[in-house]
Amino acid sequence: EVINKDWLNSLPEKFAISVEKAYLSRKEARMKHIQAFCNSVSHNRRVILKDGRAINTWNLENIKDIQVLGSEGPIDPEIGILFFETTGGKPICLMFYFSLHTNANFSQFFSSDYPGIVYAKMKEKFGSDFITLFIPGPFANINPTRGYKEIGEILSEIMIKKIEKQNEYRDTLRVNSFKKEVVVSFKDFEKDYKERIEKSGWHESVWKYFKKELEILRKTGKKETKTILQAWHIGNIGFVSFPGELFVEWGIKIKKESPFSWTYPVGLGGDYLGYLITKKAWETGGYEPLIARSSLTSWESVSYMVKEGIKMLKKLYRRFK
């Protein structure tokens with residue numbers, strides 16, 4: 001594993017320069033907030049077997065002589081759209097929110113995946129200097145059902161139609177934000193997880209990878225870590241971000257309990273602790289709960305972070321009102 005420390009050390013300055021450029025180029029703008037839906041490009045990648053286990057859809061071929069009962073959970077088909085233009089009517093940028101893994105262009109190379117296609121389509125529609133920002137929703141257990149180009153084209157078509165149809169703008173918007181440092185516990189690395197690994201649905205050839213990951217984590221001696229939660233709002237639209245890949249069920253809970261009329265829970269925000277699983281996922285097994293550097297925290301810690309995130313939203317809302 002090779003880490004480019006020079007590149008990492010250069011990031012704080014680059015971030016600061018980007019913020020300064022954005023501040024100096026700011027202009028008066030107005031915003032459309034638009035709701036759209038797409039349920040044709042994603043599926044819940046975890047399925048329940050008759051013996052109560054959950055496995056992932058790509059491991060179905062490894063299962064023999066046991067019936068599949070169906071998907072373990074839902075998807076979130078909502079597309080959250082924030083479209084900005086100058087007061088003179090010139091399009092500036094788009095923020096769009098969607099809960100789907102960006103792994104439709106799965107390979108050994110880095111890819112902008114379907115958000116990259118959306119970016120290209122939006123520039124084609126609104127001009128070469130138009131900016132598109134993708135906000136990843138809770139997508140830990142949500143996978144694509146189509147290729148990345150098709151997904152990007154479908155989402156773009158839906159959003160452009162909605163943008164052109166919606167004429168209502170908001171000119172004055174209050175904004176606020178804050179962040180909070182929290183301490184979260186890891187899973188217990190000292191326990192024997194051999195049975196859990198072997199029942200996860202993976203082929204025997206993959207078991208050794210997860211057993212090796214467990215040994216690596218045991219050697220660290222770590223039981224907890226500090227991480228960051230962040231919350232902000234734009235008018236009556238709330239956002240709260242979490243340091244990893246959040247299960248879609250958590251996102252639905254946050255939307256339901258948030259005091260804002262519109263709430264978008266954000267994954268991969270400010271840190272990476274891997275899959276942020278539910279209690280049900282821990283109990284039923286499968287890939288995401290397996291202990292590895294891609295799945296560090298206990299479900300109890302995730303529950304704690306979600307509760308703290310909801311508290312942050314409520315605190316912001318009280319200030320907003």
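Ala, Val, Leu, Ile, Met, Phe, Trp, Tyr, Cys and Pro count here as nonpolar, Asp, Glu, Lys and Arg as charged, and the others, Gly among them, as polar. The model shown in these views is predicted.

Figure 1. The C-alpha atoms fill a box of roughly 65 × 40 × 40 Å, taken along the principal axes. A compact globule of 321 residues would have a radius of gyration near 20 Å, and the value of 21 Å for this protein agrees with that. Buried residues make up 46% of the chain. Now look at the contacts with a separation of 6 or more: 77% of them join residues 24 or more positions apart.

**Figure 2. The largest pocket has a volume of about 1,200 Å³.** Its lining has 28 residues, and A22, F84, I92, C93 and M95 are the closest to its centre. Two or more lining residues come from each of α1 (5-24), β1 (29-37), β6 (78-86), β7 (91-98), β8 (131-136) and β11. The largest share comes from β8, with five residues. What classes of residue make up this lining? There are 19 nonpolar, two polar and seven charged residues.

**Figure 3. The second largest pocket has a volume of about 430 Å³.** Its lining is made of 20 residues. Nearest the centre lie H101, F106, E245, Y275 and Y287. Helix α5 gives the most to this lining, with three residues. By class, the lining has 11 nonpolar, five polar and four charged residues.

**Figure 4. The largest nonpolar core holds 38 residues.** In soluble globular proteins, nonpolar side chains tend to be buried together. Within this core, F242, I254 and M305 have the most contacts. Two or more core residues come from each of β10 (175-185), α5 (204-220), β11 (224-234), α6 (248-257), β15 (275-276) and α8 (299-320). Which element gives the most? That is α8, with eight residues.

**Figure 5. F242 is in contact with residues from several stretches of the sequence, among them L229, I254 and M305.** Further partners are V266, G267, L268, G269, L276, V306 and G309. Neighbours within four places in sequence are left aside here. A second, separate core has 25 residues, including I81, M122, F130 and L155.

**Figure 6. V41 sits in the loop between β1 and β2 (42-44).** Is V41 buried or exposed? V41 counts as buried because its relative accessibility is 0%, and the cut-off for buried is under 20%. Beyond residues up to four places away in sequence, V41 touches F98, L100, N143, P144, T145, R146, I151 and I154. V41 and K280 are 239 residues apart in sequence. In space they are 25 Å apart, C-alpha to C-alpha.

**Figure 7. D65 and D113 each have a positive phi, though neither is a glycine.** For D65, phi is near 60 degrees. D65 is found in the loop between β4 (54-56) and β5 (68-71). With 84% relative accessibility, D65 counts as exposed. For D113, phi is about 55 degrees. D113 belongs to helix α2 (residues 113-126). Its relative accessibility is 1%, so D113 counts as buried.

Methods: Residues numbered from 1 in each chain as written. Predicted model: local features only at pLDDT ≥ 70, side-chain atom pairs only at ≥ 80, totals over all residues. Heavy atoms only, no water. Core = buried A, V, L, I, M, F, W, Y, C linked by side-chain atoms within 4.5 Å. Buried < 20%, exposed > 50% of the residue type's maximum accessible area, 1.4 Å probe, protein only. Helix = DSSP H or I, 4+ residues; strand = E, 2+ residues; numbered from the N terminus. Contact = heavy atoms within 4.5 Å. 1 Å grid on protein atoms, 1.4 Å probe; cavity = no way out; pocket = protein on both sides within 12 Å on 5 of 7 lines; lining within 4 Å. Points joined across faces, edges and corners; volume = space filled by probe spheres on them. Rg over C-alpha atoms; globule rule 2.2 N^0.38 Å.
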